[in-house]
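Subject: The two-chain model, with notes

Hi,

Here is the structure I promised to pass on to you. Please have it open while you read, as the notes below go through it piece by piece.

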Amino acid sequence: MKEEDIYSELSSIRNLMERSSRFISLSGLSGVLAGVYALTGAFIAYRLVYREGSGLRLRDFYVNEPLILWPLFAIALAVLILSICTGVWLTIRQAKRKGENFWNPVSKRLLSSLCIPLFTGGFLILALIARGEYDIIAPVSLIFYGLALVSGSHYTYSDVKFLGFLEIALGLLAALMPGFGLVFWVIGFGFLHILYGAIMHFKYDK
Amino acid sequence: MKISLEQFDKAFENRIRLQVMSVLVANESYDFNSLKELLNVTDGNLASHLKALEKEEYITVTKSFIGRKPNTQYAASPAGREAFKKHLEALENLIKQQKK
């Protein structure tokens, strides 16, 4: 056996161990788009709640009024669904381009480890809405999303873990500052997604 | 240069067998079809190599059904993990020897 042979053998082993245990077709672009949707949604929500008038910003509504609650809920839901659809679509496209099957043991594991914290958080938020505890929704959503990313990161790029930590930290900070929910959402779901999506795109998407 | 090959595991002489083992060591278990897709080999080829590894007791096989489709899961046995580790160490030693 020649030295090059051994090196190529070792690198092929390493490559296989990596490829079989991590899903690497996540698309950075879908992160950027999710961030853009979140910013758009936040902007519309902001315009619904605040009215621009003669230099003074007046609150038209407080978020606990039912009249504003449903439109806000609809915006949040639309952003969520749009982000998930874009993510799934771009990921499938990316996997196809790499000649990989997107539905394999790793992607299944990735999905289930993402879904457990995500659904727990989702149901908790619904319960909080039902009980009228609105000001804790922003921290809870950020924290559970962060936990989902940390748990999912075992089956994909480790960068995702750091994004998860940042979301959790942001959520805890938001819990200390009630009334700034929208600001933290904009940072966590908007800017962080765009930043991380761009980093991932340039690091891996080529 | 002459190198003694006796530390090498005969079971891993074949590239596909070594590749199968790499996947099983990195994962709790893997099913037949996903292995086939990952390694880009034919049914018969993969089956015969899996059989060989099973005979060495390097892997364990669990057969079950999902609906009517057979679902066969493979996992590395402790002996298989040990053998794989030894094989990698032998490869490393080989590199070190050649560096001298």
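This is a predicted model: local features need pLDDT of at least 70, side-chain atom pairs count only at pLDDT 80 or more; totals for chains, interfaces and linings use all residues.

Let me begin with chain A. Seven helices and two strands make up its secondary structure, and from the N terminus on the order is α-α-β-β-α-α-α-α-α. The C-alpha trace of chain A spans about 80 × 35 × 25 Å along its principal axes. Chain A has 206 residues, of which 39% count as buried. Of its contacts with a separation of 6 or more, 72% are between residues 24 or more positions apart.

Chain B has four helices and three strands, in the pattern α-β-α-α-β-β-α along the sequence. Its C-alpha trace spans about 60 × 25 × 20 Å along the principal axes. Of the 100 residues in chain B, 44% are counted as buried. For contacts between residues at least 6 apart in the sequence of chain B, 55% join residues at least 24 apart.

**The cores**

The largest nonpolar core holds 29 residues, and those with the most contacts inside it are F12(B), V20(B), M21(B), L35(B), L39(B), L46(B) and L50(B). The largest share, seven residues, is supplied by α1(B). Another core lies apart from this one; it has 20 residues, including I68(A), I75(A), A174(A) and F189(A).

Leaving aside neighbours within four places in sequence, L50(B) is in contact with V20(B), F32(B), L35(B), I59(B) and Y74(B). L35(B) sits in helix α2 of chain B and counts as buried because its relative accessible area is 0%. Not counting residues up to four places away in sequence, L35(B) touches V20(B), V23(B), Y30(B), L46(B), L50(B) and Y74(B).

**Helix α2 of chain B**

Which residues of α2(B) are buried? They are F32(B), S34(B), L35(B), L38(B) and L39(B). These residues lie on the same side of α2(B), because they cover an arc of only 165° around the axis. They pack against α1 and α4 of chain A, and against α1, β1 (30-31), α3 and β3 of chain B. Just after α2(B) comes N40(B), with a positive phi of about 60°.

**Where α1(A) meets α4(B)**

These two helices pack at an angle of about 145°, and their axes are 10 Å apart. The crossing of α1(A) and α4(B) is left-handed. From α1(A), the contact is made by E3(A), I6(A), Y7(A), E9(A), L10(A), I13(A) and M17(A), and from α4(B) by F84(B), L88(B), L91(B), L94(B), I95(B), Q98(B) and K99(B). Sorted by class, this contact has ten nonpolar, one polar and three charged residues.

Best wishes, and happy browsing!

How values were computed. Residues are numbered from 1 along each chain as its sequence is written. Chains are lettered from A and ligands numbered from 1 in the order in which they are written. Side-chain values use heavy atoms; hydrogens and water are left out. A nonpolar core is a set of buried Ala, Val, Leu, Ile, Met, Phe, Trp, Tyr and Cys residues joined through side-chain atoms within 4.5 Å. Buried means under 20% relative accessible area, exposed over 50%, partly exposed in between (1.4 Å probe, protein chains only). Contact means heavy atoms within 4.5 Å. Axes are lines fitted to C-alpha atoms, for helices over the stretch in contact, and angles run from 0 to 180 degrees between N-to-C directions. A crossing is left-handed if the near helix is turned anticlockwise from the far one by less than a right angle, and right-handed if clockwise. Ala, Val, Leu, Ile, Met, Phe, Trp, Tyr, Cys and Pro count as nonpolar, Asp, Glu, Lys and Arg as charged, and the others, Gly among them, as polar. The arc is that of the directions from the helix axis to the C-beta atoms.
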